[in-house]
Amino acid sequence: MPELKALALGSYSEVKYHPFAGVDQALQQILSPAFTVEPSEDLGLLNPQTLADYSLVVSYTEFSDHPIAPAYSGALLSYVAGGGGLLVVHNGISMQRNQELGVMLGGHFTHHPDYTALGINIPAAVREHPIVQGIEDFVIEDEPYYFDMQPYFETTVLAEYLHGGAMRQAAWCHEFGLGRVVYLMPGHHLPSFSSEPYRRMISRSALWAAKQL
């Protein structure tokens, strides 16, 4: 039986662009057997008592104009700062709608051009990082998210892609207090999670965030 529990948050009922149905099962498969993944759309689970049971929180939350309740955002901040792991996938960066969570994420999504084939490149300087070690460059069809990285905030860019004449961030990671945060850009829809190199990146990101790598 897996020893680690992961809480995966996404949207089932109020979906704009990225339904969690199907993706939740893909995450369960990718993170097994290291993690037991418990998917939910209930942000109310972001409370100290519940989070204490988890080694990892995965965010695939949908974009919304409504801020996350301060009690929930505060609990997630405390969880990560106190040593918890946070893995944010694609639209999960929507947590940036709360300013303090946006700072913890390390980057701010601004917009994305049209869905297309993206060549994901692992920079030579980080090839020995535990998350990307042994993962070769790969191509994935997805939405090319553009970001403004947080100023005065140190993060490690794990992967990049060429788009619009510039290299852009596709994945990054950093420590936040005693905890760890990873962001992975691909994940627009279920086929994104069938890419074998990307599946390995997700798995290793989860393990690193949970301090198992």
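Me: What share of the 213 residues in the protein is buried, and what makes a residue buried?

Reply: Buried residues account for 51% of the 213 residues in the protein. A residue is called buried under 20% relative accessible area, exposed over 50%, and partly exposed in between (1.4 Å probe, protein chains only). The model is predicted, so local features need pLDDT of at least 70 and side-chain atom pairs count only at pLDDT 80 or more, whereas totals for chains, interfaces and linings use all residues. Residues are numbered from 1 along each chain as its sequence is written, and side-chain values use heavy atoms, with hydrogens and water left out.

Me: How do you know that the radius of gyration of the protein agrees with that of a compact globule?

Reply: The radius of gyration is taken over C-alpha atoms, and the globule rule is 2.2 Å times the number of residues to the power 0.38. For 213 residues a compact globule would have a value near 17 Å; the protein has 16 Å, which agrees. Along the principal axes, the C-alpha atoms fill a box of roughly 45 × 40 × 35 Å.

Me: How many helices and strands does the protein have, and what makes a run count as one?

Reply: The protein has five helices and eleven strands. Helices (H or I, at least four residues) and strands (E, at least two) are DSSP runs, numbered from the N terminus.

Me: Which share of the contacts in the protein between residues at least 6 apart in sequence joins residues at least 24 apart?

Reply: The share is 73%. Here contact means heavy atoms within 4.5 Å.

Me: How far apart are the mean positions of the positive and negative charges of the protein, and what makes a residue count as charged?

Reply: The mean positions of the 10 positive and 22 negative charges are 5 Å apart. Lys and Arg count as positive and Asp and Glu as negative, while His and the chain ends are not counted. Each charge is placed at NZ of Lys, CZ of Arg, CG of Asp or CD of Glu.

Me: Why is H188 called buried?

Reply: The relative accessible area of H188 is 18%. H188 is therefore buried, although its place is in the loop between β11 (179–184) and α5 (196–209). Beyond neighbours within four places in sequence, H188 is in contact with Y17, H18, Y60, H90, Y115, D142 and E143.

Me: What makes the pair of H188 and H18 a polar contact?

Reply: A polar contact is a pair of N or O atoms within 3.5 Å; within protein, one must be able to donate a hydrogen and the other to accept it, and residues adjacent in sequence count only if both atoms are side-chain atoms. The side chains of H188 and H18 make such a contact at 3.3 Å.

Me: Why is K211 called partly exposed?

Reply: K211 has 41% relative accessibility, so it counts as partly exposed. K211 is in the segment after α5, and its phi is near 60°, a positive value in a residue other than glycine. Sequence neighbours within four places aside, K211 is in contact with G83, L178 and R180.

Me: Why does A6 count as buried?

Reply: A6 counts as buried because its relative accessibility is 0%. A6 belongs to strand β1 (residues 4–9). Outside four places in sequence, its contacts include F35, V37 and Y54. The C-alpha atoms of A6 and F35, 29 residues apart along the chain, are separated by 6.2 Å.

Me: Is I202 buried or exposed?

Reply: I202 is at 0% relative accessibility and so counts as buried. This residue is in helix α5. Neighbours within four places aside, I202 is in contact with L27, I30, L31, L87, L184 and F193.

Me: What is the omega of the cis peptide bond between S32 and P33?

Reply: Omega is about 5° for the cis bond joining S32 and P33. P33 lies in the loop between α1 (23–31) and β2 (35–40).
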